[in-house]
Amino acid sequence: MIRAVNIKKSFGDTEVLKGITTTFEKGKTNLIIGRSGAGKTVLLKLCVGLLKPTSGEIMYGDSNFSDLNRRDMRAIRMEIGMLFQGSALFDSMTVEENIRFPLDMFTNKTKKEKLDRVNYCLERVQLEGNNDKFPGEVSGGMQKRVGIARSIVLEPKYLFCDEPNSGLDPKTSLLIDELIHDITTEQNITTVINTHDMNSVMQIGENIALLHQGRLAWQGNKDMVMDSDNELLQDFIFASPFLQRLRKAAVGE
Amino acid sequence: MNLNFLYHFGRYLILLRSALTRPEKFSMYWKETMRQMNDIGIGSLVIVGLIAVFIGAVTATQFAYQLQDSFVPAYYIGYIVRDSTIIELAPTITCLVLAGKVGSNIAAEIGGMRQKEHIDAMEIMGVNTASYLILPKVIAAMVVIPMLVCLAAFISIWGGYTASVATGLITDVEYIQGVRSFFEPYYVFMMFVKAVVFAYILTSVSAYQGYHVKGGSIELGQASTQAVVYSDILILLSDYIIAIILTM
C-alpha cells in the first residue's frame, strides 16, 4: 500500500499539487485520472521519487519515501516497476536484452535462469519468440508490452504505469488494461495507473482518484462512477454528447 | 555570470560525487567500460592517425623552410618535430579533435537517454545512472586516449619523416639523427599527464552537459555544442596550467 499525505508540489510560483491525500491499495489497480495539467504525472513522479514534494509525505508502508537517503530510496525502487508513456526501451538493445537488463544489474542468476525468466515475462505479455527484435522493429502496442515485461521481471511489489494506453487503438488498449489488471491480481501488487482513457476507468478502475487543478476532486471505483453526482467527474468521464446520452440511458434519466 | 558559473560548477561536482560510488554490479560496469574503450579507441583510430600524419608533415615542412639559409643543422628538423609533437601537438591537438568527436557523442548519447526517459527508467529500477552512464566512459577514455595520443606521436614523427625526406628537404639519416638527439624521457611523461587530464576533462564535461539536458532536439544540439566548446576551453586552460606545473 502507498499513501500520499497532504502532498504539495510547486514549480517556481506555480503550485501544481495543492495538498493531495490519497491511498493506493495493494492488489488493486489504482487509477489517477484528470484533465491535462491536473497534476497526474507530477503525482506519479513524486510517488516513484523522480520529483521531491514541496511538502507532504509519500509513505511506502511505514517508510516516508521522500525523506529517505539515496541508498534506502534505491532499495525501495528495486521493488518498483514502471511502464513509461513512451515505453523508454533502450533502442540499442534487443527485446530480450531490455527485459534482461534489471536481472543483469541486480541479480546473480545464471544465464539460463535469466533467459527462463525473460521468456516467462515475454510469454506473460504474449510476445514469446520476439527476443531478438529491436524496439524499433515492433509496434507501439508491442513496445508497451515489452515495457510491462521489463517492469515485472524483478517481481516488483509496486507497478506504476504512465498513460499505458496513449497512442494505442481501443483493442490494444483493452489488451494492455487486462494484462496490467491480471498481473496486479496474480502477484498481489500495488498498481498505480495514470490515464486519460475512459475505457480503462470503466474496465479496471478498482480505486480511482480524480485530480482537478491540483486537488483531489473525487475518489471511488468504477461501480460508483455512473451514479456519482460529482459534476467534475461526470464532465470528465462523459465529456462528449454521445457519452452523456449513453449515461442518461444507463441510469434511466 | 559568476553565479551561473558557480551553479554549474557545483552541479558538476555533485554529479561527479554521484558517479564515483561503488558500482551496483562490477561485471556490468566492466562490460560497459570495455564497450566504451572500443568505441572511443578503435572508433577514433582513423581520425587520430590522419591528423597526426599532417601535424608531423606540416611541422617538418615549416621548420625546414625556417631553417633554410641558417647555420642550424638540418637534422634539427627531426629533433623539433619529435619534441613539439610529444610535448604539445600530439596530446593537445588529438584531444581537441576527440573533444569534437567523442565529447559531442557522449553529450548526445546521454542527452538522448535523458529525453527518451531512459535515465528515469534506470533510476526507477534502482540504477545509479550518474555512475553507470558516466564512470565507464571516463575510465575508458583515461585508459584509451593516452594510447591514442602515444600512437599519434609516433605517426606524427613518421609523417614528418615522410614529408621532409620524401620531398628531399633533408636526408633520412639527418632526420633519424634529429629524432634520436637530445631525447628527454620526461617529455613523454608530460605527454601522458596531459593525455590523462584532457581525457578526463572531455568525457566528464560532455557527460555533464548531456546528463542535464532539458527540452527537445534544439537543446540537445546546444548541449552537444557546449560540450565541445567547454571541453576545448578547459583543455587549453589545463594545458597551460600543466605546462607551468611540470616545467617549474
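Is Lys157(A) buried, partly exposed or exposed? With a relative accessible area of 47%, Lys157(A) is partly exposed, where buried means under 20% relative accessible area, exposed over 50% and partly exposed in between (1.4 Å probe, protein chains only). The model is predicted, so that local features need pLDDT of at least 70 and side-chain atom pairs count only at pLDDT 80 or more, whereas totals for chains, interfaces and linings use all residues. Side-chain values use heavy atoms, with hydrogens and water left out.

Lys157(A) forms a salt bridge with Glu79(A), their closest N and O atoms lying 3.4 Å apart; the term denotes a side-chain nitrogen of Lys or Arg within 4 Å of a carboxyl oxygen of Asp or Glu. Because Lys157(A) lies in the loop between α5 (140–152) and β7 (158–162) of chain A, and Glu79(A) in the loop between α2 (70–77) and β6 (80–83), the pair ties together parts that are 78 residues apart in sequence; helices (H or I, at least four residues) and strands (E, at least two) are DSSP runs, numbered from the N terminus. Glu79(A) is likewise partly exposed, at 28% relative accessibility.

A salt bridge also joins the side chains of Arg124(A) and Glu186(A), at 2.5 Å from N to O. This pair links helix α4 (residues 111–124) with helix α6 (residues 170–187) of chain A, across 62 residues. Arg124(A) is buried at 15% relative accessibility, while Glu186(A) is partly exposed at 48%.

In chain B, Glu32(B), Arg35(B), Asp39(B), Glu109(B) and Lys137(B) are linked in a network of salt bridges. Over all chains, the count comes to 17 salt bridges.

Definitions and conventions:
Residues numbered from 1 in each chain as written. Chains lettered and ligands numbered in written order.
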